[in-house]
Amino acid sequence: QVQLVESGGGSLQAGGSLTLSCAVSGYSSNSYCVAWFRQAPGKEREGVAAIDGDGSTNYGDSVKGRFTISRDNAKHTAYLQMNSLKPEDTAMYYCAAVGADLCTLMTSSRGYEYTYWGQGTQVTVSS
């Protein structure tokens with residue numbers, strides 16, 4: 001039913017910027033929450049950013065001030081604008097969605113409350 005497809009990943013040098021997109025389909029309304037998570041090899045999955053249907057946001061401590069999550073409900077797409085990228089940001093980035101009833105915008109969690117997940121897009125930042 002619900003499907004999420006990430007795009008926009010790639011390789012770039014530290015200090016650069018990159019925007020990821022998450023196309024969401026299958027929901028009958030825009031009340032759901034969308035979040036971005038990332039996972040690097042050997043590390044736990046980390047909450048990056050989350051946004052609810054009204055545009056309220058929350059960010060993980062490691063990216064706050066550098067990353068911006070947004071959504072275009074008309075296009076059914078969420079975005080993650082990543083600025084001042086660091087090698088530590090290298091990871092597979094996943095978008096996820098969950099209905100409003102289970103959404104807490106808690107990006108510090110592992111995302112277990114999120115019901116639907118995309119396949120991921122790789123971001124590699126070189127020093």
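This report describes strand pairing and disulfide bonds in a predicted model.

## Strand pairing around E3

Strand E3, residues 18-25, pairs with strand E1, residues 3-7, in the antiparallel sense, and five bridges connect them. Within this pairing, Gln3 has Ser25 of E3 as its bridge partner.

Strand E3 also runs antiparallel to strand E8, residues 77-82, to which six bridges join it. Here the bridge partner of Ala23 is Thr77 in E8.

## The disulfide Cys22–Cys95

Two disulfides are found when the whole structure is searched, and one of them joins Cys22 to Cys95 with an S to S distance of 2.1 Å. Because Cys22 belongs to strand E3 and Cys95 to strand E9, residues 91-98, this pair ties together parts that lie 73 residues apart in sequence.

The torsion about the S-S bond of Cys22 and Cys95 is about 70 degrees, and the disulfide is therefore right-handed. Both Cys22 and Cys95 are buried.

## The disulfide Cys33–Cys103

A disulfide is also formed by Cys33 and Cys103, whose sulfur atoms are 1.9 Å apart. This pair links distant parts of the chain, since Cys33 sits in strand E4, residues 33-39, while Cys103 sits in the loop between E9 and strand E10 (116-117), 70 residues apart.

For Cys33 and Cys103 the torsion about the S-S bond is about -100 degrees, so this disulfide is left-handed. Cys33 has a relative accessible area of 2% and is therefore buried; Cys103, at 16% relative accessibility, also counts as buried, because the cut-off for that class is under 20%.

## Pairing order

When the bonded cysteines of the chain are numbered in sequence order, the pairing reads 1-3, 2-4.

Note on methods
Residues are numbered from 1 along each chain as its sequence is written. This is a predicted model: local features need pLDDT of at least 70, side-chain atom pairs count only at pLDDT 80 or more; totals for chains, interfaces and linings use all residues. Side-chain values use heavy atoms; hydrogens and water are left out. Two strands pair if DSSP finds at least two bridges between them. Helices (H or I, at least four residues) and strands (E, at least two) are DSSP runs, numbered from the N terminus. A disulfide is a pair of cysteine sulfur atoms within 2.5 Å. Buried means under 20% relative accessible area, exposed over 50%, partly exposed in between (1.4 Å probe, protein chains only).
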